[in-house]
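Me: Please take a close look at one part of this model, the aromatic pairs. Start with how the elements are named, then walk me through.

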Amino acid sequence: MVLYALEFGATSSQIGLMSTVASLAGVMALLPGAQLAEGWMDPRRVVLVFSRGIRALIWVLFSLLSFFLAGQPAVYGILLLRAMRSFTGNAGSSAWTFLSSQIVPRRMRGKYFAARNMAKRVAALLLVPAAGWLIDYLGFPVGYQVCFGLAAFVGALSYWAYSRIPFSPSERRIQTREEEGDDQMWSSASERRNFWAYCVTSAVWRFSSRFPGPFLSVYLVKVLGANAGIIGVMSAANNLTALPGQALFGRWLDRRGMKWTLKLSGLLIPFLRWGWLLMSGPWGALPIKIGAGFLGAGYGLSRFNMLLAVTPELHRARQIALYRTIRRSAAAVAPLLGGLLVDRIGFLPVFAISGCGRMLSTLLMMRFVREPHPEDSEMSQ
């Protein structure tokens, strides 16, 4: 979508604005989505309507956009569609996480989510570079129209697949009586503090990641001379190296714990962002993408499992929505500030600041976040 906007003449500030507006739209959807998941008593419905059904229709609108708009109106059309896509996806995200916590036993979450992520990576490994080559072959705008149309088709298949997941409302063990307030969610004050510490350190990481996030592709295209095909290959390398990362970190997570894998990956990832300072050509990003795929797999897997561990069983969907609201509020502010700084001081200082923020987040997590024991925070399944 960033490359699509650049084709219409989007500036760095507009790219940052797109990311900010999309993040804010996502933040606005989190808590209402969690309340819907609890109110409907079946989280699949929220996932199907918002994260699968409506999002597939939005891809159709992306494919049709260039028929009706061009130039700056098209840029703002992309901004609006990105915001809509973010809103619908986030409206179903807490319901999806709660659904996962109910149907996947804790003892096998490391292996299960590693396998799930590997399947997603294999799909991306095949399709993202194919999309890049297709865009290069068909050109603008036909290449983008075809890719967005295919995304809509795959979204429809995803809707069908999620509708087949067996889930009975009676399986939900969370009580939602009105008299049960925040104090009844937590078994101790230390658990509440641990949750908030995790929220803060995750927000610092997310801010640091999104601070230069939308501009990495811009830097590759505008400064280093990359095209859609090269960026597709980079994405393929990232997804390919994530496969052994998911397998290895999944085993480590089950054996050594979530915090250990968070520390290992979190202390190494900042050096990858600093590696952007040494690149002189587009292919210099290849080893960075390889390392980011491997280590990012471990960090994302550990972070998600830690989220399930630090949230209480009672009103878990709501607490997850609160966590994501905090995290994505930080993500909303970051690219807007990053875009302003890119225009004033350039890309490389922004990349350096991002690495420092990630390192700070990891050090804060090591100091203030505790990994709960299974008997403290999870039900037996």
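Reply: Helices (H or I, at least four residues) and strands (E, at least two) are DSSP runs, numbered from the N terminus. By that count, Ser-329 lies in helix H14, residues 316-345. This is a predicted model, where local features need pLDDT of at least 70, side-chain atom pairs count only at pLDDT 80 or more, and totals for chains, interfaces and linings use all residues. Residues are numbered from 1 along each chain as its sequence is written, and side-chain values use heavy atoms, with hydrogens and water left out.

Now the rings. Rings of Phe, Tyr and Trp (its six-membered ring) pair if their centres lie within 6.5 Å; planes under 30 degrees apart count as stacked, over 60 as edge-to-face and the rest as tilted. A search of the whole structure finds 27 aromatic pairs. Take Phe-207 and Phe-211: their ring centres are 5.8 Å apart and their planes meet at 25°, so the pair is stacked.

Burial comes next. Buried means under 20% relative accessible area, exposed over 50%, partly exposed in between (1.4 Å probe, protein chains only). Phe-211 is buried at 3%. Phe-207 is partly exposed at 27%.

Tyr-219 and Trp-276 form an edge-to-face pair, 6.2 Å centre to centre, with 65° between the planes. Tyr-219 sits in helix H10 (residues 215-222) and Trp-276 in the loop between helix H12 (258-274) and H13, so the pair ties together parts 57 residues apart in sequence. Both Tyr-219 and Trp-276 are buried.

One aromatic cluster is formed by Tyr-4, Phe-8, Trp-59, Phe-62, Phe-140, Tyr-144 and Phe-148.
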